[in-house]
Amino acid sequence: MRLFEYEGKALFSRYGIPVPRSKLARDESQALSALGEVGLPAVLKAQVLSGGRGNAGGVVLVRTRGDAEKEAGRLFALKVGGEPTRALLVEEASEHGEEMYVSITLNRGRREFVALASRSGGMEVESRAEGAMVDVPVPLEGLSDSAASELGARLGLSGKTSAEFRSILLKLERLCREEECELAEINPLAVHADGSLIALDSKVVLDDNALFRHPEFSQLPPEDPLEGEAARFGFAFVRLDGRVAVVGNGAGLVLSTLDLVADAGGKAACFLDLGGGAQRDRVEAALRLVRGLPSARAVLVNIFGGITRTTDVAEGLIDVVSERPMVPVFARISGAEEAEARALLSGSGVPVYATAQEAVLAAVGEAGR
Amino acid sequence: MTFEMPEKGDPVIVQGITGRYGSLHAGLMLGYGTNVAAGVTPGKGGQVVEGVPVFDTVKEAVEETGARASVLFVPAPALLPAVEEAVAAGVRLMVAITEHVPIRDTLKAIRLCEESGARVIGPNTPGVILPSRRLKLGIMPAPSFREGGVALFSRSGTLMYEVADALSKAALGQHVAIGVGGDPVNCTTITECLDWAAAADEVRSVVVVGEIGGDAEERLAEHIVESRFPKPLVAYIAGRSAPKEKHMGHAGAIIYGDYGTAESKIASLKRAGAKVATTTSEIPALVSDAR
């Protein structure tokens, strides 16, 4: 679960990491009253989870109240990567020089957490030369003072900046460990003229599987109503913008079906994994859910029956396709009891194909490319 | 670090056997011919599930049966303690079916394995099957698997079944199939599985089913070259059309920037000399070509 910038900064504050004075605004009038507290000049920052906010114009420096009024209206109407602005963070403008980067993140290949840092942070840090990044492994029990100092020394930091960097790195690591984050990132970490440091942005990704140990985070409702519905049934669901809704049992199977749809010149409207034990009621719930996707013109159901009984799937399909309105359903059913499932579906209006490729071609043909 | 698979008839315990899932699959494993000798659920000792005696602790189950392998169906918060208990009781191979395990618990399990020489496969895995030994330590549908010389390693469950089914129908049976798990970090990596396959005489060729996210396939490709892996290898990568920064079902199936893309994995594996299938249905033909 990714936190909004303002949520991440609230965590930073709790762990003693310095952040600029700020106030969250849910609408334009709140934004203007927040200016009264924060003062001018100020930075208005659209609160979205999608990347590329800066390039999309989601962060703006305002010097006058008139500017702020105009920009707040624009930012509340802004979408970044299709995601609407939920709120604005109104923040005091910070006079600073150098912008650094620091994060604690899981290195999957090395199977350990690492601390990463660079003297050149800011936008698009990922695409810069890797040579500028330095890293140290983070033991499960936490980063030692000496390892934190070492990282600062490798960046060539000295004096006040070096001491502050070490202190912030250790706090960030403790936050990452105690809150069980997959990523805790400060970018940029700005250097003031006096050598002190301040976290100008936050990117915090929590380990979803550890939320049971952190109930304070698990209350946030999903942003997308269909995602909420999917979560209620325990489906893995990703909304996409094509015309073929893809439903199957197993993450890898659905992923490979998405590729077949793309190969056939189509575009998927969603990824929906029913999970193991796809019983009749779950199949029904999944089909009713994908019916709510405005872009879907066809539904492709790809089932490999192992422990899942394909006759259960067939019965679920029959129950839902008789309902109106319903987009056409195309099925590929293979595995345990497939002949019985096929017999059940004959005359139901759901064509059943022997291979995923055939079902994909039919669904893409119906939905259009 | 290497590991050993149980032999035919070796006793196996099931941790979490009294749950709905644990009892269902204990029965299916028994039906396949696997010697499920004991179950463990704290507080349920003395019960019998599918004809299998249940104990309160792994220690008692091990003392009673001599089992050195365990299949775990415990809830996610209980997985790390269950692994610790099993290792302390002398279990050497644990197959962790449990999904939604916190990443730090998995990392702690890996460290415990490194210290003790024990082995965990998973978590979030369909398990391990060795058809010639009638050994099924997991939840995979047995009819899709046949005895033969292919070693099949997969990050995905259903795709492993689908590919095994296609191989079996093409008379390409399997010596072993291992699901390494769909999480960002696997206690046993595909690279470690490859070393196991290199040393196993029964394995004549390898099929790897990978997917987007992480760099396990890139590391595998490097290892194929460095270790001069001596057997033909066919790979398939799911997720060529997946969007970035979205978890595609598995916690591990996510692309960040250029990290974890299918293109990178396919290119690395091709450079290492692997045959890469574009779709799962192409795999059997590539395997028979390779032999």
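**Two chains and their contact**

Let me begin inside chain A, where A:Pro188 sits in strand S10, residues 181–191. This is a predicted model, and in it the peptide bond leading from A:Asn187 into A:Pro188 is cis, with omega near 10°. Chain A also has a cis peptide bond between A:Leu40 and A:Pro41, where omega is about -5°. A:Pro41 belongs to the loop that runs between helix H2 (28–38) and strand S2 (42–46) of chain A. Why do I point these bonds out? Because most peptide bonds are trans, and most residues other than glycine have a negative phi.

B:Glu50, which is not a glycine, has a positive phi of about 55°. Its place is the loop between strand S3 (48–49) and strand S4 (52–55) of chain B. B:Arg228 likewise has a positive phi, near 45°, and lies in the loop between helix H7 (216–226) and strand S13 (233–238) of chain B.

Let us now turn to the interface. How many residues of each chain are in contact? On the side of chain A there are 40, and they touch 59 residues of chain B. The area buried between chain A and chain B is about 3,900 Å², with carbon and sulfur atoms giving 57% of that area.

Between the two chains the count of salt bridges is 4. B:Arg240 forms a salt bridge with A:Asp263, and the closest N and O atoms are 2.8 Å apart. There are also 19 residue pairs in polar contact between chain A and chain B, both residues being at pLDDT 80 or more.

Which elements of chain A supply at least two residues each to the side that touches chain B? They are strand S7 (99–107), strand S8 (112–118), helix H5 (159–178), strand S13 (236–239) and helix H7. The largest share, 10 residues, comes from H7 of chain A. Sorted by class, this side of chain A has 19 nonpolar, 9 polar and 12 charged residues.

Finally, please look at helix H7 of chain A, residues 251–263, beside helix H5 of chain B, residues 157–169: their axes come within 5 Å and cross at roughly 75°. H7(A) is therefore roughly perpendicular to H5(B). From H7(A), the contact is made by A:Ala251, A:Gly252, A:Leu253 and A:Ser256, and from H5(B) by B:Thr158, B:Leu159 and B:Glu162. By class, these are 3 nonpolar, 3 polar and 1 charged residues.

Terms used: Residues numbered from 1 in each chain as written. Chains lettered and ligands numbered in written order. Predicted model: local features only at pLDDT ≥ 70, side-chain atom pairs only at ≥ 80, totals over all residues. Heavy atoms only, no water. Axes fitted to C-alpha atoms, helices over the stretch in contact; angles between N-to-C directions. Helix = DSSP H or I, 4+ residues; strand = E, 2+ residues; numbered from the N terminus. Parallel < 35°, antiparallel > 145°, perpendicular 65-115°, else oblique. Contact = heavy atoms within 4.5 Å. Nonpolar A, V, L, I, M, F, W, Y, C, P; charged D, E, K, R; others polar. Buried area = accessible area lost by both parts, 1.4 Å probe. Salt bridge = Lys/Arg side-chain N within 4 Å of Asp/Glu carboxyl O. Polar contact = N/O pair within 3.5 Å; in protein donor to acceptor, adjacent residues only side chain to side chain.
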